[in-house]
Amino acid sequence: MSSDQWNVLDFEKPIAQLDDQIAEIKRLTQERGEERAEDIAALEADRDRLLAEVFQNLKPWDRTLLARHPKRPYTLDYARLMFDDYTELHGDRLFADDHAMVGGIATLDGREVMFVGQQKGRDLKDRQYRNFGSAKPEGYRKALRLMKLAAKFKRPVICFVDTPAADCSVGSEERGISEAIARNMMEMSALPTPIVAVVLGEGGSGGAIGIAVADRVMMMENSVYSVIPPEGCAAILWRDPTRAKDAAEALKITSQEALQLGVVDEIIPEPLGGAHRSAEMAAKNVKSAIIKSLDELGKLSKTKLLDQRYKKFRDIGAWQEAPAPVVQDTDEG
Amino acid sequence: MTFGLRGRSATRAARKSVDALPDGLWTKCPGCGEILFNKELEKNLRICGKCGHHYRLGAWYRIKITVDDDNFTQFDEHLSTVNPLDFPDYDAKIVKGRQSSGLQEAVITGVGEIGGHKTVLGVADFGFMGGSMGGVVGEKIVRAMEYAVENKLPVVLFTASGGARMQEGILSLMQMAKTAAACAKLHEAGLPYIVVFTDPTTAGVHASFASIGDFTFAEPGALVGFAGARVAQQAGVIHRPDNFQKSEFQLEHGMVDRVVSRRELKGVIEKTLNFCLGKAAGPTLLSGDKENGNEF
């Protein structure tokens with residue numbers, strides 16, 4: 001792990017320093033042939049203790065930063081690490097190919113699957129190419145096209161969610177970004193094949209749910225899922241984007257909170273320190289969670305599968321049936 | 001979960017409805033600056049006689065000018081909001097929303113007759129927390145749609161909303177999926193689903209049940225779009241065409257079927273229902289009639 005300052009979060013800095021020391025000693029032992037295994041082991045133990053300590057006390061805003069971590073593995077990293085083999089497919093057949101939404105056919109532990117997901121970029125050029133992971137209408141329509149293909153050939157669908165939000169440029173508005181997201185949710189709710197969704201990093205609002213109407217919705221431990229980014233919420237409610245930390249608390253965006261609220265079914269553990277410290281281990285955990293889900297879903301009849309999926313979303317939300325008959329509008333809330 | 005008719009007549013409930021117009025004799029038109037007599041405006045369906053500006057309507061007023069002879073029975077009148085996330089200041093905002101709108105929540109649903117067609121009707125009210133969709137709005141919309149499926153009735157929705165309700169966080173995001181899934185049930189049952197965009201229809205509502213109707217109409221000049229101005233600004237969208245996110249912009253880009261003046265709206269809805277169901281059909285016309293239904 002390099003301590004490249006742009007890629008290290010504030011609360012990661014003491015950890016990164018230890019990482020650097022360990023790397024330095026390892027380099028020296030190689031160069032000079034010294035035997036310093038004990039020093040390394042001690043430092044590594046220190047680091048792991050520190051990691052555990054820091055990660056025990058993470059606040060929702062820290063999780064937000066981790067979910068957006070520039071070194072976090074992205075959709076195609078997971079595809080490469082998880083699948084035996086995958087072949088990307090392109091285009092919505094209507095307008096264009098959206099580079100912020102990827103998808104294709106893949107083999108997962110010997111079984112044929114379709115995958116779709118938002119893709120972010122690693123460096124500046126790549127980020128622009130991927131539009132920072134914000135998909136346009138053509139992206140959502142590509143995803144739907146692929147999901148329908150999966151249903152046609154009775155293959156399950158895996159959705160990887162990682163987007164700050166859907167694209168809201170003039171062009172996206174002109175081509176019906178709202179309609180594309182709405183149609184995806186509607187079609188997914190009745191798509192006759194198992195669907196598993198994993199929020200890998202940022203589950204940003206409509207952009208996320210546009211590919212996340214699934215039989216099983218899972219979140220990575222340090223991912224976030226929110227109706228609005230904390231900065232946006234703070235800007236609108238308090239006219240002060242710098243209160244994003246408060247908004248992150250209030251919005252209940254962490255995986256633990258989403259699990260408690262019944263919005264997700266499972267949290268996928270990340271390696272200590274976050275998925276970016278070992279993409280391989282993160283991918284291994286995602287892979288086994290998905291396989292387990294697909295095994296369970298595969299046993300259900302089509303009717304049962306769709307009934308359960310409908311009910312799953314149907315039952316989300318809070319309200320009260322105030323005792324009837326009430327005549328006056330009193331504040332019974 | 002139970003649902004059913006637990007309502008009272010539109011007239012009785014409308015007594016409590018809060019007028020969307022400011023108090024007093026006069027109103028200055030935000031469209032053209034003309035000073036308008038409130039009484040005249042009222043007679044004119046709250047459309048400016050000079051420039052045609054459509055004022056926002058309260059839900060009850062809308063219902064009154066849409067259904068035949070006050071024929072409307074409300075669903076789920078007492079479904080009310082809780083504060084599931086313990087979100088700061090939310091309780092106070094709900095109370096304020098109730099006081100300013102005279103409503104329990106931001107949407108009224110029920111069943112009434114439009115042009116002789118028994119129709120499930122949902123009308124949003126911007127006066128209650130900007131018409132935003134939280135758990136109650138989502139639940140009411142879904143119950144109304146499920147009622148339509150069970151009783152084979154068409155659905156007409158008037159939307160007016162700033163989007164999903166932030167104060168219910170991820171739960172309100174899920175209302176988008178929940179309502180969209182209920183729309184799938186409507187389409188599956190071959191039932192007509194008509195949406196009318198009124199000012200404003202944006203964000204989480206525009207990007208869910210509002211945008212997947214069989215027929216989509218919009219009132220002139222309404223703000224209709226995905227990202228609210230502040231959100232778009234934060235995302236760095238600066239150069240925007242003059243009519244950006246207006247009904248007319250959406251028409252130009254193929255996203256609505258017609259922009260319809262409020263005066264003609266009831267007529268257009270009736271014609272559309274006639275197209276789907278036959279003239280002045282009874283409530284059972286659609287039974288076993290899936291082939292003739294309006295599957296998309």
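**Notes on the predicted model**

1. Strand E2 (residues 101-108) of chain A pairs with E3(A) in the antiparallel sense, over eight bridges; strands are DSSP runs (E, at least two residues) and helices are DSSP runs (H or I, at least four), numbered from the N terminus, and two strands pair if DSSP finds at least two bridges between them. Within this pairing, Met101(A) stands opposite Gln118(A) in E3(A). The hairpin of E2(A) and E3(A) has two residues between the strands, and Asp109(A) takes a positive phi near 50° there.

2. The model is predicted, and local features need pLDDT of at least 70, side-chain atom pairs count only at pLDDT 80 or more, while totals for chains, interfaces and linings use all residues. Residues are numbered from 1 along each chain as its sequence is written, and chains are lettered from A, with ligands numbered from 1, in the order in which they are written.

3. Seven residues of domain 1 of chain A are in contact with six residues of domain 2 of chain A, where contact requires C-beta atoms, placed from the backbone, to lie within 7 Å. On the domain 1 side, helix H2 (residues 37-56) of chain A supplies the largest share, four residues.

4. How do H4(A) and H13(A) lie relative to each other? The axes of helix H4 (residues 75-82) of chain A and helix H13 (residues 279-298) of chain A come within 9 Å and cross at roughly 75°, the axes being lines fitted to C-alpha atoms over the stretch in contact and the angles running from 0 to 180 degrees between N-to-C directions. H4(A) and H13(A) are therefore roughly perpendicular to each other, a label that covers 65 to 115 degrees, with under 35 roughly parallel, over 145 roughly antiparallel and the rest oblique. Asp77(A), Tyr78(A), Leu81(A) and Met82(A) in H4(A) meet residues of H13(A) that include Ala283(A) and Val286(A).

5. The contact between the chains takes 52 residues from chain A and 59 residues from chain B. On the side of chain A that touches chain B, H8(A) gives the most, with nine residues, and the residues of that side divide into 31 nonpolar, eleven polar and ten charged (Ala, Val, Leu, Ile, Met, Phe, Trp, Tyr, Cys and Pro count as nonpolar, Asp, Glu, Lys and Arg as charged, and the others, Gly among them, as polar). E9(A) and strand E5 (residues 79-80) of chain B pair in the antiparallel sense over two bridges, and Gln320(A) stands opposite Ser80(B) in E5(B).

6. For chain B, the secondary structure comes to ten helices and twelve strands, and buried residues make up 55% of its 296 residues. Among contacts in chain B between residues at least 6 apart in sequence, 72% join residues at least 24 apart.

Note on methods:
Contact = placed C-beta atoms within 7 Å. Buried ≥ 20, exposed ≤ 12 C-beta atoms within 10 Å, placed from the backbone.
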